[in-house]
Amino acid sequence: MMQWSKIRAIAFDLDGTLIDSVPDLAAATNATLAQSQYPPVTEALVRSWVGNGAQVLMQRALSYVSAMPEDAPALQALLEQTMPQFMYHYGEHLQKHSLLYPGVSATLQKLKQAGFKLAIVTNKPHGFTVSLLTAFGLDGLFCEVLGGDSLAKMKPDPMPLQHLLKLWQLDESHLLMVGDSKNDILAAKAANVMSIGLTYGYNYGEDISLSNPHAVCENFADIEQYLLS
């Protein structure tokens with residue numbers, strides 16, 4: 001029997017879990033591509049590329065429009081040249097079209113009031129993460145915010161979750177990871193903590209259940225049944 005009652009702390013992914021940020025990521029990607037005279041890409045393509053941090057997103061976009069392999073030296077040089085442009089454009093587009101998923105704010109508040117320690121563990125750069133949380137009024141709910149550049153490694157590496165376990169002096173059975181991507185579930189498995197997979201986010205077109213999280217939820221508020229019942 002799964003020990004949901006042991007959970008004391010919850011780590012949440014951001015993009016595709018709490019916030020639908022793809023419209024703004026797509027706008028920033030296309031603004032960056034335009035500066036190099038490349039054609040725009042669709043929002044659907046960007047949705048399939050999100051999950052491994054800003055640099056990998058731009059690497060996939062440049063590979064797609066240039067027809068160069070992602071590991072080609074010429075592409076790496078182009079990526080190095082365009083990343084500052086992407087970071088600028090995403091900063092400009094950060095909160096124009098992004099939306100909270102239904103039930104996110106209310107459920108997070110219930111969990112915090114119930115005494116859970118809440119953290120963000122995302123591969124998005126920390127600065128953008130804090131700005132988004134503040135824009136949506138969520139910044140006061142989290143004890144810790146870890147971005148993709150906060151530690152030496154990011155998801156699917158277990159380092160961010162192991163950092164939380166050490167920081168909060170928790171046993172592995174006390175921590176839960178909630179996310180929409182296989183990166184979230186792989187990180188949870190590697191850290192030996194429990195996980196919930198959400199079906200509505202960005203997971204490279206794959207069914208999140210294929211990653212075998214401990215539970216699968218179709219709506220964010222559905223996680224309450226495991227934690228607040």
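Trp168 is buried, at a relative accessible area of 14%; buried means under 20% relative accessible area, exposed over 50%, and partly exposed in between, with a 1.4 Å probe and protein chains only. This is a predicted model, so local features need pLDDT of at least 70 and side-chain atom pairs count only at pLDDT 80 or more, while totals for chains, interfaces and linings use all residues. Residues are numbered from 1 along each chain as its sequence is written, and side-chain values use heavy atoms, with hydrogens and water left out.

Back to the tryptophan. Trp168 sits in the loop between H7 and strand E6 (175-179). Helices (H or I, at least four residues) and strands (E, at least two) are DSSP runs, numbered from the N terminus. Setting aside residues up to four places away in sequence, Trp168 touches Ala9, Lys117, Leu118, Ala119, Cys143 and Glu144, where contact means heavy atoms within 4.5 Å.

Leu118 is part of strand E4 (residues 117-121). Is Leu118 buried or exposed? Leu118 counts as buried, at 0% relative accessibility. Its contacts, again not counting residues up to four places away in sequence, are Ile10, Phe12, Leu108, Leu111, Lys112, Leu141, Phe142, Cys143, Glu144 and Trp168. From Leu118 to Arg8 the C-alpha to C-alpha distance is 9.1 Å, across 110 residues of sequence.

Next, helix H4. It covers residues 73-93, which is 21 residues, and reaches 29 Å from its first C-alpha to its last, close to the 30 Å expected at 1.5 Å a residue. That expected span is 1.5 Å times one less than the number of residues. Where in H4 is the kink? It lies at Thr82, shortly before the proline Pro84, and is about 40 degrees. The bend at a residue is the angle between axes fitted to the seven residues ending there and the seven starting there.

Now the backbone. The peptide bond from Lys155 to Pro156 is cis, with omega near 15 degrees. Pro156 lies in the loop between strand E5 (144-146) and helix H7 (159-167). At 34% relative accessibility, Pro156 is partly exposed. Leaving aside neighbours within four places in sequence, Pro156 is in contact with Asn183, Leu186 and Ala187. The C-alpha atoms of Pro156 and Ile185 are separated by 7.7 Å, and these residues are 29 residues apart along the chain.

Two residues have a positive phi without being glycine. Ala67, in the loop between H3 and H4, has a phi of about 65 degrees and counts as exposed, at 70% relative accessibility. Asn212, in the loop between E7 and E8, has a phi of about 60 degrees and is exposed, with a relative accessible area of 53%.

Glu206 is placed in the loop between strand E7 (194-198) and strand E8 (215-217). Glu206 is partly exposed, with a relative accessible area of 36%. Its C-alpha and that of Lys182 are separated by 8.6 Å, with the residues 24 residues apart along the chain.

How many cavities of 30 Å³ or more does a search of the whole structure find? It finds one. On a 1 Å grid over the protein atoms alone, a cavity is a set of points where a 1.4 Å probe fits but cannot get out, and lining residues have an atom within 4 Å of a point. The largest cavity has a volume of about 210 Å³; grid points are joined across faces, edges and corners, and a volume is the space filled by probe spheres set on the points. Its lining has 23 residues, and Asp15, Val50, Gly51, Gly53 and Lys124 lie nearest the centre. H3, H4 and helix H8 (182-191) each supply at least two residues of that lining. The lining divides into ten nonpolar, seven polar and six charged residues, with Ala, Val, Leu, Ile, Met, Phe, Trp, Tyr, Cys and Pro counted as nonpolar, Asp, Glu, Lys and Arg as charged, and the others, Gly among them, as polar.

Notes: 1 Å grid on protein atoms, 1.4 Å probe; cavity = no way out; pocket = protein on both sides within 12 Å on 5 of 7 lines; lining within 4 Å.
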